[in-house]
Number of protein chains: 2
Amino acid sequence: MQAPTERTRVKRLNKRAHYDAKNVHAILDAMPVCNVGYVFKGTPFVTPTLQWREGSRVHWHGSSASRMLEACEDAEVCLTVTIIDGFVMARSAFNHSCNYRSVMAFGRAHKINDPAEKEARLRTFTDRLFPGRWDMLRPVTQKELKATTVLGLDLNEVSAKIRTGAPGDDEEDYALPIWAGVLPVSMMVHPPIDDPRLIAGLNAPGHVGAFRMG
Amino acid sequence: MQAPTERTRVKRLNKRAHYDAKNVHAILDAMPVCNVGYVFKGTPFVTPTLQWREGSRVHWHGSSASRMLEACEDAEVCLTVTIIDGFVMARSAFNHSCNYRSVMAFGRAHKINDPAEKEARLRTFTDRLFPGRWDMLRPVTQKELKATTVLGLDLNEVSAKIRTGAPGDDEEDYALPIWAGVLPVSMMVHPPIDDPRLIAGLNAPGHVGAFRMG
């Protein structure tokens, strides 16, 4: 992971910035939902999708027919992950904020062409979300692998931004009789809903109940 | 809101596409977190921020010193909002999916220059999240208004994409003894945490406990 570049250096509120792998990896690993930005015919596009990290590389995937994946291949992209941890409610509108953990990664996306490597990446994707699930599933077919594009981005030009804690009010505002504090939010995982066509007597495996995000 | 354009027409899985104001507005109103994509010096950037809708326009704001806001002004942007409702777990890796509600809006962002209009937009932003809060706060100053940029985007070229319900497995896979179903997720709001410097005896107003997102 390189030193901050013109693109990754956090300009506003730079005390919130982190450029180390530990912080970046922790955020990516906690939140599979990401947004991938790319330029298509001169205008910006942002597509929400799921990401997964392997070492110092982040991946995402989709249909081989996807406009997003086609436009990203060998092109500059910006991948962001954001976890909202709370609404920071101050005594002035101006000092309201959010507590969050976010990552912004830049670089040229590359396509995984080798079918065996593609399958290995998809296995990691599945098992990262639900450990052991890949081996429980009907095996992937060559046709399915062909219909799936996997892209990778090296985590080289990347930054994290983290805000935690109480509001930061103007000193003179602390005396005002206005409620201030933090309203925490998090992702909640609910009990699983069986597929209506599930074979009778089958129970959700442990990796379903163990799932957490954020 | 116009008919689908080359940018907004959902090409993949177009049964999930919606181009009507009702669906688009409901998603924007349910989730303040958005991602704004823009092009800066030829490469794509994606910045997470909060959005709020007023009529057929969506707004976001930030520091007047923000690179994002400067780059977005009078430029083509892509604003996305995504709500993840569940992980759809099928009998094959290929048929795994997510339940989600998302919006993608394209167009040229414009800056709100008139200070009174800017203040009105920020009041709506605050009161949309926490009804009645604006009038409880220390009033906004001219200096703060000047330090804040508010951008708007007309919801003209916009699409929503929604997936709900059970997995869609290959017909022959339904006979396999593999657990399948949906693992629902949602945003949870926790009890508020008082600011450590809060004046003794002040209680959180009703709009804090009433807050919901997603």
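Biologist: What covers the buried residues of α1(A)?

Modeller: The cover includes β3, β4 (57-63), β5, β6 (97-108) and β9 (157-163) of chain A. Helices (H or I, at least four residues) and strands (E, at least two) are DSSP runs, numbered from the N terminus. This is a predicted model, where local features need pLDDT of at least 70, side-chain atom pairs count only at pLDDT 80 or more, and totals for chains, interfaces and linings use all residues. Residues are numbered from 1 along each chain as its sequence is written, while chains are lettered from A and ligands numbered from 1 in the order in which they are written.

Biologist: Okay, and which residues of α1 (residues 21-30) of chain A are buried?

Modeller: Val24(A), Ile27(A) and Leu28(A). Buried means 20 or more other C-beta atoms lie within 10 Å of the residue's own, exposed means 12 or fewer, and partly exposed is in between, with C-beta atoms placed from the backbone.

Biologist: Why are they on the same side of α1(A)?

Modeller: They cover an arc of only 100 degrees around the axis, so they share one side of α1(A). The arc is that of the directions from the helix axis to the C-beta atoms. An α-helix has 3.6 residues a turn, so residues three or four places apart point the same way.

Biologist: What's exposed on the other side of α1(A)?

Modeller: Lys22(A) and Asp29(A) are exposed there.

Biologist: Switching topic: which residues have the most contacts inside the largest nonpolar core?

Modeller: Val103(A), Ala105(A), Val103(B) and Ala105(B), in a core of 102 residues. A nonpolar core is a set of buried Ala, Val, Leu, Ile, Met, Phe, Trp, Tyr and Cys residues joined through C-beta atoms within 7 Å.

Biologist: What is Val103(B) in contact with, leaving aside its neighbours within four places in sequence?

Modeller: Val24(B), Ile27(B) and Leu28(B) are among its contacts, and so are Thr80(B) and Val158(B). Two residues are in contact if their C-beta atoms, placed from the backbone, lie within 7 Å. Val24(B), Ile27(B) and Leu28(B) are the buried residues of helix α1 of chain B.

Biologist: Now the two chains. How many residues of chain A are in contact with chain B?

Modeller: 69 residues of chain A are in contact with 69 residues of chain B. β10(A) gives the most to that side of chain A, with 9 residues.

Biologist: How do those residues on the chain A side divide into nonpolar, polar and charged?

Modeller: There are 44 nonpolar, 14 polar and 11 charged. Here Ala, Val, Leu, Ile, Met, Phe, Trp, Tyr, Cys and Pro count as nonpolar, Asp, Glu, Lys and Arg as charged, and the others, Gly among them, as polar.

Biologist: What joins β10(A) to β10 of chain B?

Modeller: 5 bridges, and the strands run antiparallel. Two strands pair if DSSP finds at least two bridges between them. For Met188(A), the bridge partner in β10(B) is Ser186(B).
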